[in-house]
Amino acid sequence: MIITRTRFAAPQRLLHWLMAVCILSMLFIGVGMVSTITTKYLTLVQIHKPLGIAILVLALIRLAFRLYYGAPALPADLPEPIKLAANLSQYIFYALMISMPLIGWGMLSAAEYPVVLFGGVHLPSILPVSPSLHTLLWNAHHYLAFAFFGVILMHIAAILFHKLVRNDGVFEAMAPGSSHNQPERRD
Amino acid sequence: MVQSPASSKDFRLWPFVVIAAVIGIAAIGFAYTAGWLSPNRLTPKKLVAGLAPPGGPALGHRRNHAKGICFTGTFEANGEGSALSKAPVFVRGQYPIVGRFNLGTPNPNAEDAMVRTRGLGISITTPDGQVWRSSMINAPIFPVSTPQAFYDLLTASGSKDRDAMKNFIAANPEFLTFLPWAKSDQWTESYAEEPYNSLNSFLFVDESGAKHAIRWSLIPAAQPVSISPGELAKRGPDYLEQEITQRVAAGPQHWNLIVTVANPGDPTADPNKAWPVDRRTVNVGTMTVQQIEPEPDGPCRDINYDPTVLPAGITTSDDPFPAARSAAYSRSYNSRTAEEADYPRTATGAKQ
């Protein structure tokens, strides 16, 4: 008997919503901090670095959960191009969640900045000091951040479409709350 | 539960309105946060652009304090600073410094005698990997009280309007207290004879967690020898770099690091306001400059002397400048490292 999940596992849902808050905050902090010279600048930078590392750690845990639990199937009647886009977006999200903090960390390393998280807590340098490497990573961090925000907007639009237009259970698969309203379907 | 999707027959408009509204609000919020909807916001980009000479910045170089020379040396802490700050850099011992003597100009080819402000950047690393960076200048106070006033000063001094400076001074009378120093002809003949002042106040945090508002200065061991700008001009456009190279080759140069502790009520948020001279000072150690290295190959070239790179035990205060400087220095750093081709290292490639 094959058990098909209709919802993501509870730890997956928890991580999804926790990371949604973290990542959206992170993107707003990022564009906000590079556009101000007020003392908010330092506060935002001080949040940006440890939050980035937190996202990296959470993303790796989430990837492990994903490999362990898998994901519920998409609605069978979803057109193939949409299914493809949905699956592709998952890869893009994982790639961004893991690469963005690493790029930021590498960028700081290449610029010979100490990577300070809190007070005396600092991370080792992961790349040699290099202006060209710094420039490459800085540009990547910058443009991927905007791409990340764009992908998130599309993700939100898509899930609202699933919920409000199709009402096909895709939103419920990741919705918070206990699962007794959504019994697992057994095929 | 999986439900059957809505058919095209019962098309409803409102879900699409909701989707457009949600995405639109998020995008507008993002644009606002990025400053795209606030043309008057003073951004790092504007501040750094304000520093550039009319012909544009010198590519590959720092956007200010562009002319400089690297040094390596040590900071020898005498342990006295530990009463004020738990930073490991104040624990008795010797810690390596990578530093840079420089001139307060956006022009890397400026003649020494044309630049009143001389600066010093230092980066001290302790064995646990903590880094303390500081950029100081030889002026006793900063020209203005706020970052916005500094931007206005840059704008006014670059303006073609004859009344621009007059209007600036009317709006920022604190600038007048800086002028006597700026116009004084008591210059020194060496980078080694200059005091270098943090100007900005910071907080030292001691072992008990108590915070002390402080400023610091590096006071030279060398006796200052006065020279007029005219006399300095005769010695050559790059005299200071030649002089410091020869001087350090002949023997290490020393500065005492003097920390001044504010009394309650002292103006910690305004680097234009000197603290009364009777304030407690603590000599926390000695900086020794041991070797001078030209900048193109030198270890200081690719360091951002961001004054907010601080070890645990030192934090920023209510002084608004370190944040503004950090934001602007970061912008400058990102620009100049991206222009590496315009400021190539010399062929010897001393630093890999």
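Does A:Cys22 count as buried or exposed, and what is its relative accessibility? At 13% relative accessibility, A:Cys22 counts as buried, where buried means under 20% relative accessible area, exposed over 50%, and partly exposed in between (1.4 Å probe, protein chains only). The model is predicted, so that local features need pLDDT of at least 70 and side-chain atom pairs count only at pLDDT 80 or more, whereas totals for chains, interfaces and linings use all residues. Residues are numbered from 1 along each chain as its sequence is written, chains are lettered from A and ligands numbered from 1 in the order in which they are written, and side-chain values use heavy atoms, with hydrogens and water left out.Chain A contains five helices and four strands, helices (H or I, at least four residues) and strands (E, at least two) being DSSP runs numbered from the N terminus. From the N terminus on, these elements follow the order β-α-α-α-β-β-α-α-β. Along the principal axes, the C-alpha atoms of chain A fill a box of roughly 55 × 30 × 30 Å. Of the 187 residues in this chain, 47% count as buried. Among contacts (heavy atoms within 4.5 Å) in chain A with a separation of 6 or more, 73% are between residues 24 or more positions apart. Chain A exposes about 9,600 Å², of which carbon and sulfur atoms supply 73%; accessible areas come from the Shrake-Rupley method with a 1.4 Å probe, and for residues only the protein chains shown count as cover.

One disulfide is present over all chains, a disulfide being a pair of cysteine sulfur atoms within 2.5 Å. It joins B:Cys70 to B:Cys300, with an S to S distance of 2.0 Å. The pair links distant parts of the chain, 230 residues apart: B:Cys70 lies in strand 1 (residues 67–77) of chain B, and B:Cys300 in the loop between strand 11 (281–293) and strand 12 (314–316). The torsion about the S-S bond of B:Cys70 and B:Cys300 is about -75°, so the disulfide is left-handed. B:Cys70 is buried, with a relative accessible area of 0%, and B:Cys300 is likewise buried at 0%.

In helix 7 (residues 239–250) of chain B lies B:Arg247. Its side chain makes a polar contact of 2.8 Å with the side chain of B:Glu193; a polar contact is a pair of N or O atoms within 3.5 Å, and within protein one must be able to donate a hydrogen and the other to accept it, while residues adjacent in sequence count only if both atoms are side-chain atoms. Leaving aside neighbours within four places in sequence, the residues in contact with B:Arg247 include B:Ser190, B:Ala222 and B:Gln253.

B:Phe11 lies in the segment before helix 1 (14–33) of chain B and counts as exposed at 56% relative accessibility.
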